[in-house]
Amino acid sequence: MSATGHATSRTERGAERRARADYTGGVYGSMIASSVIIGAGTLGSYPRVELVLLLLLTGLVFWIAHVHAQLFGARLAQRGLDRRVVLEVCRDEWPIVNAAVPPAAAVAVSPLLGLDVSGALWLALSVAVAGQVGWSAAAARRADASWGLVAATASVNLLLGLLIIAFKLYLTH
């Protein structure tokens, strides 16, 4: 194989890796989860169960909305729909749902940690913000971004998460 062929192969692999580096749904889903937690100040008789269901179901609803928007918005204009395209879009948007799972799990295990409902909310919010930062850093690394850019995107997402926490503090005081 020639040096040019090898370089082209490496270039193609890099482009393919960057194409798979879109964790937008994970970052977005983590922000949605944070927003759900902030809005969950008035829960009923089973607050932990309700919050777990609210997080997971909200993630599913937003996932469906994104799949619908992709399939009947941009994708339909470019090409027809077939089973492969539908499954591809469903898979590509699934990180929105994945991002709701860790905060929901944090709420579910909070009684084992001796946390009251308020503590469970704060734990879930912390987990959601950590997920938001983690998804953005993972996306940057997967796209072969420099360590400086990874740090920058993680910092921006941490700032956004802290802004969400500030809203929570403001709304509860």
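Here is a short briefing on confidence, surface features, salt bridges and helix packing in this structure. The model is predicted, and the chain averages a pLDDT of 81. A search of the whole structure turns up 2 salt bridges, and a nonpolar patch on the surface brings together Y46, V49, L53, L57, L60 and W94.

**Confidence**

- Of the residues in the chain, 79% score a pLDDT of at least 70.
- Confidence is highest in helix α6 (residues 101–109), where the mean is 95.
- At the other end of the scale, helix α1 (residues 3–19) has the lowest confidence in the chain, with a mean of 53.
- A word of care for your reading: where pLDDT is low, the predicted coordinates should not be read in detail.

**The nonpolar surface patch**

- L57 counts as partly exposed because its relative accessible area is 48%, which falls between the 20% and 50% limits.

- L81 belongs to the loop that runs between α3 and α4 (83–93).
- With a relative accessibility of 35%, L81 is partly exposed.
- L81 and L71 are 10 residues apart along the chain, and 7.4 Å separates their C-alpha atoms.

**Salt bridges**

- R84 pairs with E88 in a salt bridge, with 3.2 Å between the closest N and O atoms.
- R84 and E88 lie 4 residues apart in helix α4, so about one helical turn separates them.
- R91 and D92 make a salt bridge through their side chains, at 3.3 Å from N to O.
- How exposed are the two partners, R91 and D92? R91 counts as exposed, at 55% relative accessibility, whereas D92 is partly exposed, at 34%.

**The buried face of α6**

- Which residues of α6 are buried? They are P103, A104, A106 and V107.
- Looking down the axis of α6, you will find these buried residues within an arc of 155°, so they line one face of the helix.
- Helix α6 is also where the chain's confidence is highest, at a mean of 95.

Key
Residues numbered from 1 in each chain as written. Predicted model: local features only at pLDDT ≥ 70, side-chain atom pairs only at ≥ 80, totals over all residues. Heavy atoms only, no water. Patch = residues over 30% accessible without salt bridge, like charges linked within 9 Å, V, L, I, M, F, W, Y side chains within 5 Å. Areas by Shrake-Rupley, 256 points an atom, 1.4 Å probe, with all protein chains shown as cover. Salt bridge = Lys/Arg side-chain N within 4 Å of Asp/Glu carboxyl O. Buried < 20%, exposed > 50% of the residue type's maximum accessible area, 1.4 Å probe, protein only. Helix = DSSP H or I, 4+ residues; strand = E, 2+ residues; numbered from the N terminus. pLDDT = per-residue confidence, 0-100. Arc of directions from axis to C-beta.
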